[in-house]
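Visitor: I have a structure open here and would like to talk it through with you. Could we go over it step by step?
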Amino acid sequence: MTSRANDTLPVLALFAPAFTPATCPRVQLLVVAGILTPGRRPITNLLRLVGHWAQGSASSYHCVLSQAQWSGLRLAALLTRCLVLRFWPFGPITVIGDDTVAEHRGKKVDGTARPRDPIRSSTNYTAYRYGHKWGVLTILVPWPFGRRPWALPVLVALDRSAEDHRKRHRPPRPRRNLAARSPDSGEG
């Protein structure tokens, strides 16, 4: 599959160093399927579209984002390098950083906080939203068919709150010794 994806979209070969040899063909197939799939793009819909081109079990494609070994920072660096080399001849490159809040409620949602929502807030009123606060780094690139440049995101990172950081780095609670309470010991 790797050679077919590289022949079809040679730009995918630029990102191969960010993935392991086992993960790279799966990522390339999912990217091509994501471009071709209309509507929502869960992994199941992507695999339904590419059908017999998907080598291996479907679960290996589901694990690409959650369990496979790949580096998001390395991927961001490769994407940035690609964009800089492509758009450098057109003049200076503008890099912009922004933060955005995505609402996620619930006790078991990891990484949530209660940040200030800049869209709903004013000088007289401060609105807060429960959810994830994402930091986004974008590069402004000119397009021949547009009057204004487009902001292409190259890096997205979750901005964790200090409270969430304390929760994640708490020392583990000591475990109870369950062997001492076995039925054979007579305690109970």
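Visitor: Of the contacts in the protein with a separation of 6 or more, what share comes from residues 24 or more positions apart?
Guide: Bearing in mind that this is a predicted model, residues 24 or more positions apart account for 50% of the contacts in the protein with a separation of 6 or more.

Visitor: And how many helices and strands does the protein have?
Guide: The secondary structure comes to six helices and three strands, and read along the sequence these elements follow the pattern α-α-α-α-α-β-β-β-α.

Visitor: Let's look at helix 3 and helix 4; at what angle do their axes cross?
Guide: The axes of helix 3, which covers residues 43-50, and helix 4, which covers residues 58-66, cross at roughly 135° and come within 10 Å.

Visitor: Which residues make the contact?
Guide: On the side of helix 3 the contact is made by Ile43, Thr44 and Leu47, while helix 4 contributes Ala58, Tyr61 and His62.

Visitor: Changing topic, how much of the protein counts as buried?
Guide: Of the 188 residues of the protein, 22% count as buried.

Visitor: What about the accessible surface, and how much of it belongs to carbon and sulfur atoms?
Guide: The accessible surface of the protein comes to about 14100 Å², and 57% of that surface belongs to carbon and sulfur atoms.

Notes. Residues are numbered from 1 along each chain as its sequence is written. This is a predicted model: local features need pLDDT of at least 70, side-chain atom pairs count only at pLDDT 80 or more; totals for chains, interfaces and linings use all residues. Side-chain values use heavy atoms; hydrogens and water are left out. Axes are lines fitted to C-alpha atoms, for helices over the stretch in contact, and angles run from 0 to 180 degrees between N-to-C directions. Helices (H or I, at least four residues) and strands (E, at least two) are DSSP runs, numbered from the N terminus. Contact means heavy atoms within 4.5 Å. Buried means under 20% relative accessible area, exposed over 50%, partly exposed in between (1.4 Å probe, protein chains only). Accessible areas come from the Shrake-Rupley method with a 1.4 Å probe; for residues, only the protein chains shown count as cover.
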